[in-house]
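Here is a short report on a two-chain model. Please look at the sequence and the 3D view first.

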Amino acid sequence: MSPDVPSLQSSALPPAQPKYVLRGHTAQVHAVRFLRCNSRLLTGDANGWVILWDVPIKRPVAVWRAHAQTILGVGVWGEVEEKVITHGRDNKLHIWQIRHEDETDLSKVLPIEETTADRKAPWLLHSLDVNALNFCSFAMCRIPDSDHSHEQSILIAVPGVNDGAITITSLPSQSRFAAIPPLKDINTGMLMALRLHQTSTSLTVLAGYESGHVALFRQPSSGQLWKPSYVAKTHAQPVLSLDLAPGLGAFFSSSADAIIARHSLDASTEPVLLRTKHAGQQSLVVRLDERVFATAGWDGRVRVCGTKGGMTELAVLKWHKEGCFAVAFADILDQGEQVDNDQVVAKKDDEAEIATKALTVSRRREANSAKTHWLAAGSKDGKVSLWDIY
Amino acid sequence: MEDLLKAARTVDRNVSAKQNHLTAIDRTSEPLRSISKEPFDGSTTHPIPSKSALVFGRPRTAKEVLDILRAEPSPSQLIASLSALLEPASLDDVFEASCPGPLQAQIVNTLLTLIIPNCWSSSDREIKGLLRSSLSTVTAISAIVSSIQALIAQLNTKREAQDTGRCVDLISVLSEVLKPDNRVHEIYASLSSTSTAKVKLDLTWKSFANIIGSGKVLSVVAEAEDALPDTTLAKEHRWLATGSDYAAWLGRSIAYFAVTEHVSDDASTSQALSQLLARALTVGHALPFIAAFHTTLLQRLAESSHTPVTALRYTTQPLPAHSKRAFLEHTLRWLAPLISHHDTYHLAPASSSQGVSAAAYLVDELVANDQTMQHNLIPFVTDPTTSSTFPLAIRRAVFAVISRDEDDTLHTIFKDILRNFSDPLFIMHAPTIQQESMAQTLLVAAGYIHRTTPVALLTLVRSSGHMQGVSSRLDASNTRARWLGMIIGTALSGLVDKEGMKMNFGTDDMQTADAHWYLDLVKVDDDLGSRESLLKLTTQDIVARRPRPKHEKRTTTLPVIDGKPTFGPLGPPQAPVQQTEVEGAKVTEILDSSSEADDELKPYAKPDSDPEDSDEDATLVDRNKTRPPAYIRDLMTMLRDTENHGPFTLGLKHAASLTRRKIGFGKEVSDHAEELARILCSLQDPFDTDDFDELKLQALIAVVMSSPITIAPWLGRQAFVGEYSIAQRCVMLTALGLSGRELAGLQEPDGLNPVSSKPSFPSKQLPSHLHDTYTPPTRRLEAAHLSLEKSLIAPLALQAADQSTAHLNAVKVRTFSSRMATARTKRKELPNGLAKIFAQCYFTPLVRSYQKDVAAYGSGSVWVSAPFLLVTLLKTLALLLHASGPATLGLREVAEEFWQMLLALRVQALGDITVLEAVLFGFLTLLEVNTNKQQLADEFSRQLMETRDWVDMVFERTGASGLVDQDGTGEVAKVRTLAAGLLVRAGEIMEASRAAFMGGMSDF
C-alpha cells in the first residue's frame, strides 16, 4: 500500500481476530449501532428484524420485526437513549420506546430459531412516511437545547420524493424543518447517503449521490433557499456512505468503487483520495475520538484506517466469508476528554458511577465491556462480529 | 362443424378496422343486420340502432355485441358486451354462446382476429377473465387451434414480428382457456344445457374430443413453438406443447369430469366421457395420463362418500373393448413402479404387502361387473411375454382379484400356465426372465387354489402334464430352467403330498435364499385393500417424485429485497460510469502517506489473505470465486446448480478425481453413490462445457468404481428405465464397460488421469459444433473394442500365415504364432476383480433389463429401433465378458444366456451392418473366453452348430455381394474378417471335440 509498510511490519501487531460472533439474523445485517454506554448493540437485517443485544453477556434482550422489508438504518434518541429509530425499505421510519424495564417483556427468541410464536413489538412512539424509493438511510442529529426540562428534540433527514431532494423533519414535533432541493445543473441520480451535524450555531448537511457526487449544505439564514457550499465528484461509482470528523474539520466518503475520499468541511483544501483497490466500501464510520475510521467491504473485510494524513490502512479485519455491509464503533468512554460533547460528558458520569460502585462480578463485566473499544461488523451471512481494536 | 370453422379462420378485418376506425361502426353494422335476420328473429323485433347500443352501455342483442366488438370497443364497452354474452338472460334474444352457430362463429372470429391481437397482452385481469370465459366453447377452441395452424404456415414462410406476437397471444389464450382442470367439464355442461338437438350436440362433442383428445392441440402448439423464435413463449404456456404435461392435464380434466358427473348416472354423458377417454388413451403419453387420471380421481373422491368405483365404472363401462384393454394395461404399468422397487426385486418378503393389496383394490374396482375387463385381465398373468414385463407385485395383485371369483377361472389359468411352463420348446428357447416369471405366477396361483380347494390342486398336480413338465425340465441343459423345474416340483409336492412323500432333491442350490424365496411364494395370500391404502400409495408417490429444490441452502439465505432477490451486496442501480471529474476543488493524490499520519497507532498485520480486486473497474469485480468441491455433498450441490456456470463446470471437472480420492475414505462416497450416479446419469450441459461427455463419463466410472457391487447393477437397470436420451444411455453403458475393464485390471494408461488424446489431424475434424454432434459418446468404448478385436483376430491371422509357410519351418527361428504367445506371457497379470462379480452385477442386470424392455415394448423399444444403442450394449457386454475372462464365476450360465441373446439377434443383424459386426464380435468373444474347447463343444453343441451355419451364411453373403473393397478396409471387409475368424475358431472347437472323441490322439 505505502512504501513504508515493510518497515512497519516488524513492529506490527498480529492479525486481529474477532472476540465474539453474534449469530442471530437469518438475512444479511444492514445496520449496527452501539448505544447506552456500549451496554447494548442494535442490529437490523434485510428481512426487517431488529435485535437489541446485551453487549456484556452477548445475549439478545429484545427481538422484533420492525419493518416488513429491509432495514436501512437504525438510530437512538433520548436522554438515556431509550428510544430506538428504525428506517426500513417499506417507506416507514419508526421510533420505538424501549426503556430498561421494557426489556423484560420483549421476546428474546432470535429470528434464526424460526419460531412462529407471536412477538411483542415495543411501544411505537412515532411513525414517519419516507416517500423515497432508494436505499438511502436516514440521518439524525440532536438540536442543542438550552432548556433541559422537556423532551430532547432531534432532526431527522430523509430522502425526499424527488431524486436527490432531502427532507428534514424535527421530532417530536413532527414538523418540517427544511426541504433541500436537488442539485441544480448536475444529474446526480438518487440520493445515496446522508449525514447531519449540528454545531451550536448552524446545521450542516452532507449528501452523497448515485453519480458519485458529494455535496455539503449549510443552514442558510432564514427565508433563503438551501444551496450547496461544496460539491465534488470524487467517485466513479455511487457514494455509499459518509461520515464526518468535526474535530479534524473533515468528512469522509466511500463508494461502490475502491476510493475513499477525505474532504475538508470548509472546502479550504482539495479532497484527499485513498485508493484501496478493494471495490465496494460501505458504512464508513469515524470513531468518536476521530483517530480512526472503519469501512465494511464487500470483499468480506473490514478496513480500519487512520483519519489523518494519508489515511494509512491500519488493520484488515478478516473473518466473514461474505461481504460486510455495516460497521460500528463503540463509544470511547475512557478517553472521552478529547471530544467536548454533552453526551460524552453524560457518559463520563455514568462511567464514574460504575467505577465507584462496589463491583459484583456482573458489574465488573459490564464495566470492562463498556470500556472496551469494540468494533462491530455486520455481514451478508447474517452474523455480527465483535472486535477489540485500538 | 368444419364449415362453421372455416369462416372463423379466414376473415381478417384487422387492417380495415384500423384504417377507418371512425366509420367502422356504420360500415360493419350495415351488412350484418341482414345476416342476422335469418337465424334470429329476436333482433328484428327490437330494431334499436346499433349506434345507440355503442354509446349507451349494455348491448341488448347478440348481434349488437358483435357490432360493438367489431368497432374497436373501449375496455368498458368490451367488458359490458362480453358480460352480456356470458349471461344470456340479459340479452333480449335467444342466444346460446356455447352451441355452434353462425353468429357464434362470427363473434368468435371477431374476438380472435380483432380483440385478442389488440387487447390480450395489455388487458387487466377482469377483461382476461371475461375473454377466457367467452372463449371456453367448442367453436372458439377449434377456431383458436385453426388460427394457430394458419399462423404457423405464415411464420414458416416469413417470420414477422406481428405474426409472432399474434401466435404467442393465441397460444397463451388457448393455454389460459384450457388450463383449469374443470374446463372440459364446463364446456360439456354448457353444451348439454343448450337446447340444441341431440345429434348436433353429439357431433360437436365428437369434434371437440377429436381436437383435445387426439393430440391435435399438442401437435399444433408444438409446431408453433418450433416456428416461433426461442423463448418468446412464456414458460407457463409451454405445457400445451409438452407431451407429458398435456397428457397429465387431460387425465386431470377427464377425472374431474368423471367425478362431477358420475352421480347423475346419465348414459349419454357417460358415453361422451368415454369417447374422450378412448381418444386420450391414444395420445401417446399414456403413463402421465393414467397417473394424473387415477390420482385426481382418488383425491377428488377422498373427501366425498362416493367410492371411485362408481366414477371409474361410469367412465370405463362404455369404452370399446380394445380401449378397455389399453386402459387396464396402462393402469397396471402405472401401478408397477409404485408397488415394487427394482432394488428389492428379489429379496422382498413374499408375505402380504400393503402396496399389493392397494393395487389389487384398484384392479378389482376396474374389472368388477365388467366381463370384458375380466377377460382382458387374464393375459396379464398367462401370457409369458406380457407377464414377464410386470413385476411380481402386479401379478400378485391380479391374482388377488381373480381368486375372488367364484368360478374356476383360476383353475383354467393354472392349467394354461402349467402347460406353457412344461412345454419343451418354451423351456429351451424362452428367455430366462420369462421362465422365472412363469414359475412365480404358477406358484402364487397354486397357493390360492390350495387354500380354497386342495383337492383340485391335487388332481392338477397329479395330471400327466405336470409330471411330464417337471421331467422335461430336469432334462433341460439350461441350469436355471432345470432349477426352476426343481423348485416347482418341490413346492407343489410340498402342498399336496403327505409328510414323507414330499419331493426333495436335497441339492445345495435348493437351499439358497433365492430358492427359499421361490418356495415361499405358495404362501402368498393378498387381500383386497381399501381406498385409504390406495390413496396412501399414490400420495407417497407424489411426495417421492416432487423435485427437490435445486438450491436448498442458497434460497434460504438469499435476501429478498422488495420482492426481488439480490445477489450482491445491497447496492444502488449502477450509475453510468464516468471519468472522475472534479467540481469545486482539485483532487490531490496522496504522495507521501506518512506525512502526518497518526504514529501512535500500531498497525495490525494483514490477515492470511487479502487479495486485491481482479479488475480496476468496480463493475467487473468477481467476488464469488468458487472453490473446487471438498466433499461429495458439495459436489452434488454444484452439479445440481444449473444456473451458475462457474460451480457447475468446476464441479464437473473435479467430479472424477474427488470421487476416486474419497473411495475408501469413510462412507462419504458409498452413502451418496446412488444419488450421485443419478445426477450424473441425467446431467445435461447447459453451458457448453468443454469435454463435457468425457468428464461426465469419467465421473460416472469413478462412481461405479466406488462400489461396483451396488452401483453396477443399479446403473445396468438405469440404462433401461426412465426417459433418458440415447446419448445418456450410451454413456451409462460405456461407464459400465470401462469400469468393468478397470476392475479386471485392463486399465487404460490414462484411466485415472483423464487426459484425452488430441486427434493428430485437426484439419480432418468437423467444425466443433458439428463434431460434438457427430462424435458418438462411446468413443472410449469404441477404442477398447477395436483393440480387443485386433487382439482376437491377430493370432488367427498369424496362425494362418504360419501354416501357409509351413514349408519354411526349418529356417524359422520362431513360428509367427509362438511370437504372439511369448508376447502374451510378458504381461503381468493383475488380479481380476471383475471375474467374481461380473455375472451378478454386470451381466444379469443388463441382459434382464434388455429382455424385459424388448418384451414390454416390442419393436417400439428404443433398443430395437436404435441400432446404435443395441450395438453399444452388445459391445459393452462382449468387452466385459472378455475382461472378466475364463475365470468368470458362473461362466456357463453367462455364456448360455449371452449366446441365446445373440442368436435371437440374428435376423436383426442381417438388417444392419453395425449390429452384424457387434453380434459377430460377441460370438467371437464367447468362443475366446470359453477356453475349454472340449467342454464347449459338449455343452453348447446346438448353439455352436447354429452359430457356425449362420456365420457361414454371413460369410458367403458378404463375399458374394462384391462390396468388399480391394484394399480390405471398410465395414463389410471388417465383418468378413470377423466372420472368417469365427469360422476358424468354431472349426478349431469342433476339431478338438472330434479329437477327444477319437481318443485324444491329438495334442490339443
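**Ground rules**

This is a predicted model, in which local features need pLDDT of at least 70 and side-chain atom pairs count only at pLDDT 80 or more, while totals for chains, interfaces and linings use all residues. Residues are numbered from 1 along each chain as its sequence is written, chains are lettered from A and ligands numbered from 1 in written order, and side-chain values use heavy atoms, leaving out hydrogens and water.

**The two chains**

Chain A holds 3 helices and 28 strands. Chain B holds 51 helices and 3 strands. Helices here are DSSP runs of H or I with at least four residues, strands are runs of E with at least two, and both are numbered from the N terminus.

Of the 390 residues in chain A, 61% are buried. For the 1004 residues of chain B, the buried share is 49%. Buried means under 20% relative accessible area, exposed means over 50%, and partly exposed lies in between (1.4 Å probe, protein chains only).

Contacts, meaning heavy atoms within 4.5 Å, can also be sorted by sequence separation. In chain A, among contacts between residues at least 6 apart, 51% join residues at least 24 apart. In chain B, residues 24 or more positions apart account for 76% of the contacts with a separation of 6 or more.

Start with α9(B), residues 125-134. Its buried residues are I127(B), L130(B), L131(B) and S134(B). They sit on the same side of α9(B), because they cover an arc of only 100 degrees around the axis. That arc is taken from the directions from the helix axis to the C-beta atoms. The cover over these buried residues includes α7 (75-86) and α8 (102-119) of chain B.

Two helix pairs come next. Axes are lines fitted to C-alpha atoms, for helices over the stretch in contact, and angles run from 0 to 180 degrees between N-to-C directions.

| Helix pair | Axes come within | Crossing angle |
|---|---|---|
| α13(B) (198-213) and α16(B) (267-280) | 9 Å | roughly 25 degrees |
| α34(B) (632-640) and α36(B) (668-681) | 10 Å | roughly 10 degrees |

The angle makes α34(B) roughly parallel to α36(B). α13(B) and α16(B) are roughly parallel to each other too. Angles under 35 degrees count as roughly parallel, over 145 as roughly antiparallel, 65 to 115 as roughly perpendicular, and the rest as oblique.

Which residues join α13(B) and α16(B)? From α13(B) come K198(B), W205(B), K206(B), A209(B), N210(B), I212(B) and G213(B). From α16(B) come S268(B), A272(B), Q275(B), L276(B), R279(B) and A280(B).

In the other pair, α34(B) contributes I632(B), R633(B), L635(B), M636(B), L639(B) and R640(B). They meet residues of α36(B), including E668(B), V669(B), H672(B) and L676(B).

**Two buried residues**

H320(A) is in the loop between β25 (313-318) and β26 (324-329) of chain A. Is H320(A) buried or exposed? It counts as buried, at 4% relative accessibility. Its side chain makes a polar contact with the side chain of S385(A) at 2.8 Å. Another polar contact joins it to the side chain of D381(A) at 3.3 Å. A polar contact is a pair of N or O atoms within 3.5 Å; within protein, one must be able to donate a hydrogen and the other to accept it, and residues adjacent in sequence count only if both atoms are side-chain atoms. Beyond four places in sequence, the contacts of H320(A) include G300(A), A377(A), S379(A) and V384(A).

G355(B) lies in helix α20 (residues 354-367) of chain B. G355(B) is buried, at 14% relative accessibility. Leaving aside neighbours within four places in sequence, G355(B) touches I339(B) and L537(B). G355(B) and I339(B) are 16 residues apart in sequence, with their C-alpha atoms 5.0 Å apart.

**Backbone geometry in chain A**

Most residues other than glycine have a negative phi, and most peptide bonds are trans.

The peptide bond from L171(A) to P172(A) is cis, with omega near 5 degrees. P172(A) lies in the loop between β12 (166-171) and β13 (175-180).

E81(A) is not a glycine, yet has a positive phi of about 55 degrees. It is in the loop between β6 (71-77) and β7 (83-88). E81(A) is buried, with a relative accessible area of 6%.

N91(A), also not a glycine, has a positive phi of about 65 degrees. N91(A) is in the loop between β7 and β8 (92-97). At 26% relative accessible area, N91(A) is partly exposed.
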